[in-house]
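Student: Hi, could we go through some side-chain contacts together? I'd like to start with the charged pairs.

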Amino acid sequence: MVGTSFKPISSTHCSNKSKALLFKADDRSRSREKGEFSQSSKSSIGQYSSSTITSEESNIISSSQIGSRPHMSKDLRWEAIRSIRKQHRILSLKHFKLLKKLGCGDIGTVYLAELTGTNCLFALKVMNNEFLLSLKKIPRAQTEKEIMQMLDHPFLPTLYAYFATEQLSCLVMEYCPGGDLHVLRQKQPGRSFSEHAVRFYGAEVLLALEYLHMFGVVYRDLKPENILVREDGHIMLTDFDLSLQSDANPVLLKSASPVAEPGEKMSSSCSESSCIEPFCLNPSFQVPCFTPRLLSLASKSRRIKSDLATQNSPLPQLVVEPTSARSNSFVGTHEYLAPEIIKGEGHGNAVDWWTFGIFLFELLYGKTPFKGSENDETLSNVVSHSLRFPSSPMVSFHARDLIRGLLVKGPENRLGSAKGAAEIKQHPFFEGLNWALIRCTIPPEMPTFCETSICVPTPALQKKDSSKGNELQGTEDHMEFDMF
Ligand SMILES: Nc1ncnc2c1ncn2[C@@H]1O[C@H](COP(=O)(O)OP(=O)(O)OP(=O)(O)O)[C@@H](O)[C@H]1O
């Protein structure tokens, strides 16, 4: 490994130019330009604190939060982190050995890192506070951290820890070794996926988006580059710094009992009999798999559930997703931007259904539908060009019909905008798909390149000799990394 020392990550290490070079060099990702210009006095990334991230607020995700991640509760990485914390009181950068630079984003650099002496691998996102502050990117970093702290879903990353010093802020995340869907698409014959594969990846992404929406999060940056492939071939949706956190309330569409009226605001649920999502009120399908931390909603939900259990009436129909969330910010990636974002009309969660349409189109055809020769042309095409499907490859009617429904220019008429993901799940393209068990189905492809071993912490979690190899050197106040 080439060992070029550099000081804590600075703007020069993350400039667009160096980023582009970096991506070109390792061919891991494509650099698509992003827009992020606030068009209103309101923040582009929703609610956040503008305060600097300091060591005071730093710490690892608390054990109570750990306990609320049922799907990862057997994960040895938690134990490894807990053990280091027990020994050293706090977890910090010096406990990690940086093995490889995975990439550099707008707000930080991500490394493959081993928790020293544990064989446990993590993706470590390191952000320079001064750089964030000078480019007004602290809100983005804050949003990403806040959203990641809430997540407990098989298709979303686990945040194991967060810590910060005066100079650096670090997210310790689940590492995903299989590359991203953009790179994987390039390897397909004709550079496009089969419909079978698109159905699989599309369904997993849809579940991840639905889950985010239930937390009031509008993702806003869907593209193949942000979908990583896990060791087992299932997906992980990453990158939440452009997301919008909203406080929109769930809405009751259809009453289950004479008491509740249509349009009445109440706690969340959905009407799908096979729904495995949080707050699902169907007593026979309640799967305690995901437990979002919206406790007041959860307890209300439990109350309603028991009320329902005593009735033998049809289930209520609720929309738990923030269909009323609004933002006026110009965020996203040009080819993926929804018309309402480009026109600055204000947008809500329907932008995720637009991007979902572009995403399915790109996976199936190997290109996006409105791309122009310049970014401006792309934007103008999105707003004014009608959707056209290439004649090859051959794509089924159902797939095209779904994309057509998603790529409706007016968000109010777009598939998903009224009832959220449930509407999209019911489309014939997904017919016969077992949503509840998709995480157990065999993925269309297993990653060929797999660097990880299963995380097995050594019994004593001993610290290795840091004088060898490409270890992270120094104390936290003066950190140097090896550049690859
Ligand atoms: N958990 C992870 N496992 C493996 N690779 C990851 C992980 N998280 C990020 N990466 C990789 O690290 C690189 C940088 O990621 P990062 O999220 O910082 O930037 P980005 O995707 O370019 O987005 P943005 O600029 O909006 O932050 C990307 O190439 C990404 O694929």
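**Charged pairs and a histidine**

Tutor: A salt bridge here is a side-chain nitrogen of Lys or Arg within 4 Å of a carboxyl oxygen of Asp or Glu. This is a predicted model, where local features need pLDDT of at least 70 and side-chain atom pairs 80 or more, while totals for chains, interfaces and linings use all residues. Residues are numbered from 1 along each chain as its sequence is written, and side-chain values use heavy atoms, without hydrogens and water.

Student: Where do Asp 401 and Arg 404 lie?

Tutor: Both are in helix H12 (residues 397-406), three residues apart, about one turn of the helix. Helices (H or I, at least four residues) and strands (E, at least two) are DSSP runs, numbered from the N terminus.

Student: How many salt bridges does the structure hold?

Tutor: There are 13. One of them pairs Lys 125 with Glu 144 at 2.8 Å, N to O. That pair links distant parts of the chain, with Lys 125 in strand E6 (residues 120-128) and Glu 144 in helix H5, 19 residues apart.

Student: Are Lys 125 and Glu 144 buried or exposed?

Tutor: Both are buried. Buried means under 20% relative accessible area, exposed over 50%, and partly exposed in between (1.4 Å probe, protein chains only).

Student: New topic: what does the side chain of His 153 reach?

Tutor: The backbone nitrogen of Phe 155, at 3.0 Å. His 153 counts as buried because its relative accessibility is 2%.

Note on methods. A polar contact is a pair of N or O atoms within 3.5 Å; within protein, one must be able to donate a hydrogen and the other to accept it, and residues adjacent in sequence count only if both atoms are side-chain atoms.
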